[in-house]
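Subject: Structure handover

Hello,

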Amino acid sequence: MNIPQELKYTKDHEWIKIEGKTATVGITDFAQGELGDIVYLDITTKGQDLAQHDVFGTVEAVKTVSDLFMPVSGKVIEINPILEGSPEKVNEDPYGEGWLIKVEIANPAEAEGLLSAQAYKELIGA
Amino acid sequence: MDTKRIPLHHIHESLGAKMVPFAGFMMPVRYSSDIEEHMTVRKGVGVFDVSHMGEFVIRGPRALDLIQKVTTNDASKLQDGQAQYSCLPNEDGGIIDDLLVYRIKADEYLLVVNASNIEKDWDWISKYNSMGAEMKNISDDTCLFAVQGPKAAAVVQKLTQANLSSIPYYHFTIGALAGVDNVIISNTGYTGAGGFELYIPLNHAEQVWHKLFEAGKEEGIKPIGLGARDTLRLEKGFCLYGNDIDDTTSPLEAGLGWITKFTKDFVNRAGLERQKREGVKRKLVGFVMVDRGIPRHDYEILDASDNTIGKVTSGTQSPVLGVGIGLGYVTIEHAAPDTEIYIKVRERKLRAKVTKLPFV
């Protein structure tokens, strides 16, 4: 199970990479494995200000549908354009090419409550 | 209820399957990827372990009478070595279960039922067995492997002397396979991809499983999970009990008029005959998404004016077509092919079109 040390995690299986005021968000390797083949990312929140834990989109696998939650409050400033034609990138490279959104962070203090790689590893029992 | 294990549970685990509870059993939902497994069956050959399915033997001089009473299709038309799709109607217009009826010989039949309904079906059939037919539940002693795909017959043929090309669709033979006697080799399946279903006595199942994989090496045979089984059957428009048909849906509404034969007496025949005469008010239809989106079980179906006209019973993105497809009940006015309907997906109203089945 791939759980990069440098990222932060949520109990809903999103990862977040914070770089100054912006952050990149995706789903974890564990999450993509549980979902199976991802065939559609339904994310229509570009430009919206969302609160931490709000739904920013939906991931659709062949067999399952799952909501995607904001790890921190902020504005969705970009949706990964590759996902429109190649949603399978989320399965193949969940921490790289398969990232989901970029967020302009509203409240940097919220990052304190996110899980470390170690804590996330314990959460999923890996 | 305790979740049971199928006999080859350990093999599926060792193959890396993700095991999930389904119909009271821990079942392999996928080994690698749903889409890859789906395409393996469409283009090559794959094996499903569907040993959770239930099997009842009905025997004796009154066996046919009992089967005729509880099922809608006409089992008197069957010859030895022939099978038919049928259903068990309830008294109130709905369906207890759908099933396969195999005629082994004139006074011996095999009924193959859904795993989730084994007890319910057994009790239901027993209730109508006033004629005293002998009934035996052999579900726990029988394994069922579905070898499916265009290359399936070639693989199975390597393991048996029986001439498979002489067994037509919905026919079967009983013979030796992979050194095991009394295997039912049946030209049936739930994928629309062709192939054979093998009913094997429990104590020899593991041997047959391994022989299948040795024999199919050249053809690239793979184990296939229930995830792909569901998308494969949906592309062909086959009903899944509990989703598309249940205790509240009539066979006529579900498009199963072709297995509802009023040439004989059966449970609720009068009720279904009346429904046929008066016409159904809703119908199970297939539809394809026009807008981007994936229909799912229980999503609402709307008309252009936002009136609810039905519900989605099964939906997915078709791996072959790459678009959303589904089955659902709609009011009869919206059931004709090419009718534009709308699926409510997360508060959005997405366009879809009623389509003839199968999708693929």
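Predicted model: local features only at pLDDT ≥ 70, side-chain atom pairs only at ≥ 80, totals over all residues.

**Chain B overall**

Chain B holds eight helices and 20 strands. Its radius of gyration is 21 Å, close to the 21 Å from the globule rule for 360 residues, so chain B is as compact as a globular protein of that length. Along the principal axes, the C-alpha atoms of chain B fill a box of roughly 65 × 50 × 40 Å.

Of the 360 residues in chain B, 59% are buried. The accessible surface of chain B comes to about 14700 Å². Carbon and sulfur atoms supply 50% of that area. Take the contacts in chain B between residues at least 6 apart in sequence: 64% of them join residues at least 24 apart.

How many of the seven residues of strand S13 (residues 195-201) of chain B are buried? Six are, so S13 of chain B is largely enclosed by the rest of the structure.

Two pairings involve this strand. Strand S10 (residues 142-148) of chain B runs antiparallel to S13(B), and seven bridges join them. One bridge partner pair is B:Ala146 with B:Glu197 in S13(B). Strand S12 (residues 180-186) of chain B also pairs with S13(B) in the antiparallel sense, over three bridges. Here B:Ile185 has B:Leu198 of S13(B) as its bridge partner.

B:Val183 sits in strand S12 of chain B. Its relative accessible area is 0%, so B:Val183 is buried. Which residues is B:Val183 in contact with, leaving aside neighbours within four places in sequence? The list is B:Thr173, B:Ile174, B:Gly175, B:Leu177, B:Leu198, B:Tyr199 and B:Ile200. B:Val183 and B:Leu198 are 15 residues apart along the chain, and their C-alpha atoms are separated by 6.5 Å.

**A nonpolar surface patch**

B:Val320, B:Leu321 and B:Val323 form a nonpolar patch on the surface. Together they have about 190 Å² of accessible area. B:Val320 lies in the loop between strand S17 (308-317) and strand S18 (324-331) of chain B. B:Val320 has 36% relative accessibility, so it counts as partly exposed.

**Salt bridges**

The whole structure has 31 salt bridges over all chains. Three of them are described here.

The side chains of B:Arg296 and A:Glu60 form one, at 2.6 Å from N to O. This pair crosses between chains. B:Arg296 is in the loop between strand S15 (282-289) and strand S16 (300-302) of chain B, while A:Glu60 is in strand S6 (residues 55-61) of chain A. Are these two residues buried or exposed? B:Arg296 is buried, with a relative accessible area of 8%. A:Glu60 is also buried, at 0% relative accessibility.

A:Lys63 and B:Asp230 form another, with the closest N and O atoms 2.8 Å apart. This pair crosses between chains too. A:Lys63 is in the loop between S6 and strand S7 (65-69) of chain A, and B:Asp230 is in helix H7 (residues 226-235) of chain B. A:Lys63 counts as partly exposed, at 32% relative accessibility. B:Asp230 counts as buried, at 17%. The cut-off for buried is under 20%.

B:Glu218 is exposed, with a relative accessible area of 73%. B:Lys158 is partly exposed, at 41%.

Best wishes

Note on methods. Residues numbered from 1 in each chain as written. Chains lettered and ligands numbered in written order. Heavy atoms only, no water. Salt bridge = Lys/Arg side-chain N within 4 Å of Asp/Glu carboxyl O. Helix = DSSP H or I, 4+ residues; strand = E, 2+ residues; numbered from the N terminus. Buried < 20%, exposed > 50% of the residue type's maximum accessible area, 1.4 Å probe, protein only. Pairing = 2+ DSSP bridges. Rg over C-alpha atoms; globule rule 2.2 N^0.38 Å. Contact = heavy atoms within 4.5 Å. Areas by Shrake-Rupley, 256 points an atom, 1.4 Å probe, with all protein chains shown as cover. Patch = residues over 30% accessible without salt bridge, like charges linked within 9 Å, V, L, I, M, F, W, Y side chains within 5 Å.
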